[in-house]
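Hello,

Here is the structure we talked about handing over. Please load it first, then read the notes below.

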Amino acid sequence: MLIDSHSHLEMDDFEKDLEEVISRAKVSGIGYIFTVGTEKKDWNRTIEIVNSHPSIYGILGVHPHNAKEIDHETYPTLKQLCQQEKVKAYGEIGLDFFRNLSPRDVQLKRFREQIGLAKELQLPIVVHDREAHRETLEILKSEKAEECGGIIHCFSGDYEMAKACMDMGFFISVPGSITYKNSEDYRETIKRIPLESLLIETDAPFLTPVPFRGKRNEPSYVRYTAQKVAEIKKVPFEKVAEVTTENALRVYRLS
Ligand SMILES: [Zn+2]
Ligand SMILES: [Zn+2]
């Protein structure tokens, strides 16, 4: 069994064929899928999807892209929605200094606030960090994020950053980009991270692994990411499947 620890099934990309996507994942041995509602307009859809599929769980929060849209209703709404039993983490939250769709100072402020909210809700956090490694680490430390723990999703930092995150009890999640030809340095980093700290994800519909790069990503393709992790770590595929599944069940507190 494999787990896709991070996808976005509520996005319009899956509007037409979501049920087929979910059955393909089942047939491919994906036991559980975690789907992330990143902004207000998606949260109800996330809840709808997880409540109608026993093997899908939800993650809710405000993505750094949407940080500028947070208003006085946002946190009360999230607090309420996150009480639902099938919501297993808070996120994705963090910093995106690549696209800068929200001003940086707003992103920093909202990231701090949302770590506080996750702690209040007693949920682990899912962290998005793009080209903001130093600031992300600084905030995780100063906000004592080790108290909630969680996942650095689509991890893109170096080994030192991974080590600092692991020391705070965070898991490191690997996306399909590990299969890309030009990801040699990234593979070297992942090779050094113990399997016991790794998760695998699709981030579907984005970051489609080889051999489907260029097409829409979907949870069944998480297999190619697991295969690549097995190859670079020189361990059997089954071992990667077993340990990353245990890790995901642990961080999302499913037994
Ligand atoms: Zn992300
Ligand atoms: Zn995502």
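**Zinc site**

The zinc ion (ligand 1) and the zinc ion (ligand 2) lie 3.4 Å apart, and Glu-92 coordinates both. Donors here are N, O and S atoms within 2.8 Å of the metal (3.2 Å for Na, K and Ca); water is not among the atoms, so sites may look incomplete. The pair links distant parts of the chain: His-128 sits in strand 5 and His-153 in strand 6, 25 residues apart. Helices (H or I, at least four residues) and strands (E, at least two) are DSSP runs, numbered from the N terminus.

This is a predicted model, in which local features need pLDDT of at least 70, side-chain atom pairs count only at pLDDT 80 or more, and totals for chains, interfaces and linings use all residues. Residues are numbered from 1 along each chain as its sequence is written, chains are lettered from A and ligands numbered from 1 in the order in which they are written, and side-chain values use heavy atoms, with hydrogens and water left out.

Back to the metals. Ligand 1, a zinc ion, is held by Glu-92 (OE), His-128 (ND1) and His-153 (NE2), at 1.9 to 2.1 Å. The sequence spacing of these donor residues is E-x35-H-x24-H. His-128 is buried at 12% relative accessibility, and His-153 is buried at 2%. Buried means under 20% relative accessible area, exposed over 50%, partly exposed in between (1.4 Å probe, protein chains only).

Glu-92 lies in strand 4. The peptide bond from Gly-91 to Glu-92 is cis, with omega near -5 degrees. Check that bond before you set anything up.

**Parallel strands**

Strand 1 (residues 2–7) has six of six residues buried, so the rest of the structure largely encloses it. Strand 1 and strand 2 (residues 30–37) run parallel, joined by four bridges. Two strands pair if DSSP finds at least two bridges between them. Asp-4 stands opposite Ile-33 in strand 2. The chain passes from strand 1 through helix 1 (residues 18–27) to strand 2, and this β-α-β crossover is right-handed. Right-handed means that, with the strands pointing away from the viewer, the path from the first strand over the helix to the second runs clockwise.

Strand 2, helix 2 (residues 40–52) and strand 3 form a right-handed β-α-β unit. Strands 2 and 3 pair in the parallel sense over five bridges, and Val-36 is opposite Ile-59 in strand 3. Strand 3 and strand 4 (residues 87–96) also pair in the parallel sense, over three bridges. There, Gly-58 has Val-87 of strand 4 as its bridge partner.

How are the faces of strand 3 covered? Ile-56, Gly-58 and Leu-60 on one side are buried, as are Tyr-57 and Ile-59 on the other. In a regular strand the side chains alternate between the two faces of the sheet.

**Cores and helix 6**

The largest nonpolar core has 68 residues. Such a core is a set of buried Ala, Val, Leu, Ile, Met, Phe, Trp, Tyr and Cys residues joined through side-chain atoms within 4.5 Å. Those with the most contacts inside it are Tyr-90, Ile-115, Ile-125, Leu-140, Phe-170 and Ile-172. Helix 6 gives the most to this core, with six residues. Apart from it lies another core of 15 residues, among them Ile-3, Tyr-57, Val-126 and Val-251.

In helix 6 (residues 159–167), the buried residues include Tyr-159, Met-161 and Cys-165. Just after helix 6, Gly-169 takes a positive phi of about 90 degrees.

**Cysteines**

There are zero disulfides, a disulfide being a pair of cysteine sulfur atoms within 2.5 Å. The closest cysteine sulfur to that of Cys-148 is in Cys-165, 12 Å away, too far for a bond. Cys-154 is in no disulfide either; its nearest cysteine sulfur, that of Cys-165, is 14 Å away.

**Backbone points**

Most residues other than glycine have a negative phi, and most peptide bonds are trans. A cis bond joins Ala-204 and Pro-205, with omega about 15 degrees. Leu-207 has a positive phi of about 50 degrees and is partly exposed at 31%. Lys-234 has phi near 55 degrees and is exposed at 70%.

Regards
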